[in-house]
Amino acid sequence: MKCDVLVVGASPAGLMAAISAAKGGAGVILLDRDLAGLDHAANTLFEGMAATSGIKVEDCYLKKELEGMRILSPSGQGVSIPAKGYFIDRKKFDEHYLRLAQSSGVSLLAGVAKKSRLDGSRRTVFLNEDEIEARVVVDASGVISHLAREAGLLPMRHAEDIAWAMEADVEHPDLGEEMFFQYWIGSMAPGWKATFSPAGGDRATLGVFVRGHGQNVQPFFRDFLKRFKAFKATQYRDIENLKIHAVRRGGDPICVLPGEMSANSLMVTGGAAGQSGLAYSMRAGTICGSVAAEAVARGDVSREGLSQYEKLWRREFYWQYRMGRASLQTLAMMKDEEIDRLVAGLSGKRLISGGSFVKKAGYAAAIVLLSRPKTVFDLATNLMRG
Ligand SMILES: Cc1cc2nc3c(=O)[nH]c(=O)nc-3n(C[C@H](O)[C@H](O)[C@H](O)COP(=O)(O)OP(=O)(O)OC[C@H]3O[C@@H](n4cnc5c(N)ncnc54)[C@H](O)[C@@H]3O)c2cc1C
């Protein structure tokens with residue numbers, strides 16, 4: 001098989017890369033190992049992020065509109081941020097973008113990319129039995145990606161900071177009727193960060209995001225579940241009987257920094273490039289796909305010819321990612337009392353003062369964030385990006 005652009009991975013970034021490359025006039029194949037039964041984690045996004053990324057949330061996959069997000073400190077204090085949010089039906093979302101890809105002329109192919117080889121100004125990707133020769137290969141195969149690394153790229157910096165995560169669909173009468181997405185930080189969220197996203201009716205998802213403890217996050221989930229039930233016990237009768245349905249696992253590069261994004265005939269986007277979050281990675285995929293199509297049309301698919309992608313991405317997002325990492329690293333270093341004070345300060349109950357709070361150099365990042373008017377939304381966005 002031959003094509004102009006081969007996208008490996010129907011991730012949000014991969015779908016958008018395929019669509020935008022096809023719209024740019026390239027002949028595109030989108031390859032995914034699980035094309036028939038995509039079952040991805042991640043289901044919540046907020047208007048601000050979607051708008052920044054140029055994404056319009058469509059009714060066909062919207063499950064529930066949210067009124068905002070709430071950050072909860074270990075003592076249970078919360079800061080609420082009014083912001084329009086969306087719980088999406090992830091299967092319908094993936095199906096929608098797959099249909100859009102097909103109607104843009106993208107060919108869908110089920111299969112697993114094993115490795116790639118550069119042949120002059122083309123790259124061949126080897127599947128189990130087939131091989132595909134492309135002018136440009138886009139690696140959009142998520143944090144577990146190996147194509148880019150095998151080609152000598154270092155697509156993310158601080159890969160050791162990937163948060164390994166588990167998300168469970170849960171059911172309890174009226175639990176999904178809450179209107180705020182909720183995050184816990186500090187000891188309430190064993191392993192690092194925990195989330196609750198109401199899906200409407202009796203359904204919601206619970207997630208734990210764990211850093212520095214390997215990929216088996218099940219014990220952290222069990223621990224959080226106990227705390228979650230205790231936290232909600234006054235609000236819901238019999239919360240002990242909460243049912244757990246499907247469970248999904250994955251890695252979230254929320255704290256890493258994107259690194260090198262292109263090599264000869266190769267680009268890397270989405271989680272594979274450390275670009276976390278649904279909306280942000282979709283925007284990155286869009287930029288990636290349009291640069292790929294232009295490079296093919298120009299006949300220059302060299303690293304230099306494809307480097308416009310990295311330049312454009314950096315112009316839009318680099319500082320947001322840098323600030324995001326700095327603030328999340330700061331949060332990770334904070335003790336429960338400090339988080340309580342931060343949340344109380346953000347909710348306007350008490351101003352954050354210096355003293356012991358400004359103990360470590362990393363805290364400077366939090367101060368920078370706190371001095372900006374959009375502080376609370378920025379902090380929440382950084383927690384949310386992944
Ligand atoms: C548990 C969890 C919950 C999250 N919740 C949210 C959320 O609510 N909101 C938000 O904005 N972000 C969330 N994130 C982050 C978000 O999922 C990712 O940042 C974003 O979806 C980007 O996905 P990805 O690029 O990592 O690719 P993935 O979603 O991992 O997709 C990669 C695709 O590539 C395919 N693939 C992999 N290897 C190969 C191969 N060799 N050959 C062919 N195909 C291959 C896979 O089948 C898969 O379809 C969450 C992450 C996790 C882990």
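At what angle do the axes of helix 1 and helix 3 cross? The first legend answers that. This is a predicted model, where local features need pLDDT of at least 70 and side-chain atom pairs count only at pLDDT 80 or more, while totals for chains, interfaces and linings use all residues. Residues are numbered from 1 along each chain as its sequence is written.

**View 1. Helix 1 beside helix 3 (residues 90-103).** Helices here are DSSP runs of H or I with at least four residues, strands are E runs of at least two, and both are numbered from the N terminus. The two axes cross at roughly 20 degrees and come within 9 Å; axes are lines fitted to C-alpha atoms, for helices over the stretch in contact, and angles run from 0 to 180 degrees between N-to-C directions. That makes helix 1 roughly parallel to helix 3 (under 35 degrees is roughly parallel, over 145 roughly antiparallel, 65 to 115 roughly perpendicular, the rest oblique). On the helix 1 side you'll find Leu15, Ala18 and Ile19, meeting Tyr97, Leu98, Leu100 and Ala101 of helix 3; contact puts C-beta atoms, placed from the backbone, within 7 Å. By class, this contact has 7 nonpolar residues, no polar and no charged. Ala, Val, Leu, Ile, Met, Phe, Trp, Tyr, Cys and Pro count as nonpolar, Asp, Glu, Lys and Arg as charged, and the others, Gly among them, as polar.

**View 2. Helix 1 against helix 6.** Here the axes come within 7 Å, crossing at roughly 30 degrees. Among the residues in this contact are Gly14 and Ala17 from helix 1, plus Gly285 and Gly289 from helix 6. The tally is 14 nonpolar, 7 polar and no charged.

**View 3. Helix 6 packed on helix 8 (residues 308-333).** These two pack at about 150 degrees, with axes 9 Å apart. That makes helix 6 roughly antiparallel to helix 8. Tyr280, Ala284, Ile287, Cys288 and Val291 of helix 6 meet Gln308, Tyr309, Leu312, Trp313 and Phe317 of helix 8. Sorted by class, the contact has 9 nonpolar residues, 1 polar and no charged.

**View 4. The shell around the ligand.** Of the 36 residues around the ligand, the ones that come nearest are Gly9, Ser11, Gly142, Gly270 and Gly271 (near means a C-beta atom, placed from the backbone, within 6 Å). Elements giving two or more residues include helix 1 (12-23), strand 2 (28-32) and helix 6 (278-298). Strand 15 gives the largest share, 4 residues. Domain 1 (2-41 + 91-158 + 256-318) and domain 2 (163-252) each supply at least three, with bounds from an automatic or database domain assignment.

Technical notes: Contact = placed C-beta atoms within 7 Å.
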